[in-house]
Amino acid sequence: MGGDIYNILIKDYTEKQWGRECRELPPFIIKRLPVRFTFDNNYFNDTYQGIPIGGYNTLIEKMLSQADIKLGVDYFEDKEHYDSLATTTVYTGAIDQYYDYCFGKLEYRTLRFDTQKIECSNYQGNAGVNFTSSSVPYTRVIEHKHFEFGNQPHTVITKEYSSEWSEGCEPYYPINDEKNNLLYQKYKKLTENEGRVIFGGRLAQYQYFDMHHIIEQVLELF
Ligand SMILES: Cc1cc2nc3c(=O)[nH]c(=O)nc-3n(C[C@H](O)[C@H](O)[C@H](O)COP(=O)(O)OP(=O)(O)OC[C@H]3O[C@@H](n4cnc5c(N)ncnc54)[C@H](O)[C@@H]3O)c2cc1C
């Protein structure tokens with residue numbers, strides 16, 4: 001895409017997001033960004049883009065309204081009991097944790113969210129603004145009301161700070177460099193012996209997915 005655009009838009013932002021020099025990162029990260037010669041300022045080329053009305057929580061609450069759900073429990077605290085409830089388990093947690101980190105820990109990036117209510121009706125005019133320069137410590141600012149064209153007198157924004165994952169943080173983005181991918185392959189090999197467990201999702205497959213990828217996978221699996 002050329003040196004100027006790379007330096008202004010890509011380099012600092014990517015290094016801030018991943019905490020690594022671009023040269024150390026796998027090429028699929030850059031390949032996710034479409035390059036095109038049009039005035040279409042959407043991020044991706046998809047025909048339909050958006051979020052469910054009311055957000056994903058509303059959608060998921062409706063889908064699960066008739067299901068037996070237990071929230072706030074750790075599967076590993078009573079694995080035997082949960083396994084006994086069904087003939088098949090869909091496991092969506094971290095794959096290395098499933099095997100008690102027997103080959104070592106996979107690495108992730110995590111995020112810190114700094115959310116503020118601001119007494120103005122419009123902070124940035126857009127749901128998401130990315131800050132590409134290394135002189136700004138956060139990677140992006142989300143202004144939630146713009147996802148649903150809200151017209152409240154105030155606004156709520158969230159600044160996202162990226163950092164290396166450590167125990168107790170939420171693992172968000174798998175770091176799919178060579179070292180971690182090799183480690184993941186070792187864990188994946190073990191899953192071949194698990195007849196009754198389906199390993200699905202971003203943590204169990206150690207891979208970044210967008211929502212539509214996950215929804216498609218689940219529909220196909222079902
Ligand atoms: C910051 C961020 C921004 C994103 N933005 C977008 C976006 O704009 N557009 C888009 O399309 N996608 C986006 N995504 C991706 C999207 O969130 C994921 O694709 C999707 O959530 C993946 O679904 P999943 O089921 O694989 O994993 P998750 O949604 O993470 O679900 C896994 C579930 O397993 C549970 N779990 C894990 N371990 C255990 C355990 N031991 N016991 C019990 N439960 C456990 C977790 O609590 C969690 O509920 C974003 C992701 C992140 C992190």
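Q: Let's start simple: what share of the 222 residues in the protein is buried?
A: Buried residues account for 31% of the 222. Keep in mind that this is a predicted model.

Q: Okay, and how many helices and strands does the protein have?
A: Seven helices and seven strands. Reading from the N terminus, the order is α-α-α-α-β-α-β-β-β-β-β-α-β-α.

Q: What does the C-alpha trace span along its principal axes?
A: About 50 × 45 × 35 Å.

Q: What share of the contacts comes from residues 24 or more positions apart?
A: If you take the contacts with a separation of 6 or more, 63% of them are between residues 24 or more positions apart.

Q: Switching to salt bridges. How many are there in the whole structure?
A: A search finds twelve. Some of the residues are joined up: Arg-20, Glu-107, Arg-109, Glu-164 and Lys-179 are linked in a network of salt bridges.

Q: What about Glu-160, which residue does it form a salt bridge with?
A: With Arg-140, and the closest N and O atoms are 2.9 Å apart. This pair links distant parts of the chain: Glu-160 is in strand β5 (residues 155-164) and Arg-140 is in strand β4 (residues 140-143), 20 residues away.

Q: Why does Glu-160 count as buried?
A: Because its relative accessibility is 6%.

Q: Which residue does Arg-23 pair with?
A: Arg-23 forms a salt bridge with Glu-21, with 3.1 Å between the closest N and O atoms. Arg-23 is exposed at 74% relative accessible area, while Glu-21 is partly exposed at 39%.

Q: And Glu-192? Which residue is its partner?
A: That's Lys-189, with the closest N and O atoms 3.4 Å apart. Glu-192 is exposed, with a relative accessible area of 54%, and Lys-189 counts as exposed at 55%.

Q: Which residues form the nonpolar patch?
A: Met-1, Ile-5, Tyr-6, Ile-8, Leu-9, Ile-30, Val-35 and Phe-37, with about 840 Å² of accessible area together. Helix α1 (residues 3-18) gives the largest share of the patch, four residues.

Q: Where does Phe-37 lie?
A: In the loop between α2 (28-31) and α3 (56-63). Phe-37 has 84% relative accessibility, so it counts as exposed.

Q: Which residues form the negative patch?
A: Asp-74, Glu-77, Asp-78 and Glu-80. Glu-80 lies in helix α4 (residues 79-84), and at 72% relative accessibility Glu-80 counts as exposed.

Q: Last one: how many positive and negative charges does the protein have?
A: There are 23 positive and 32 negative charges, and their mean positions are 3 Å apart.

Definitions and conventions:
Residues are numbered from 1 along each chain as its sequence is written. This is a predicted model: local features need pLDDT of at least 70, side-chain atom pairs count only at pLDDT 80 or more; totals for chains, interfaces and linings use all residues. Side-chain values use heavy atoms; hydrogens and water are left out. Patches are made of residues with over 30% relative accessible area and no salt bridge: like charges are joined within 9 Å, nonpolar side chains (Val, Leu, Ile, Met, Phe, Trp, Tyr) within 5 Å. Accessible areas come from the Shrake-Rupley method with a 1.4 Å probe; for residues, only the protein chains shown count as cover. A salt bridge is a side-chain nitrogen of Lys or Arg within 4 Å of a carboxyl oxygen of Asp or Glu. Lys and Arg count as positive and Asp and Glu as negative; His and the chain ends are not counted. The place of a charge is taken as NZ of Lys, CZ of Arg, CG of Asp or CD of Glu. Helices (H or I, at least four residues) and strands (E, at least two) are DSSP runs, numbered from the N terminus. Buried means under 20% relative accessible area, exposed over 50%, partly exposed in between (1.4 Å probe, protein chains only). Contact means heavy atoms within 4.5 Å.
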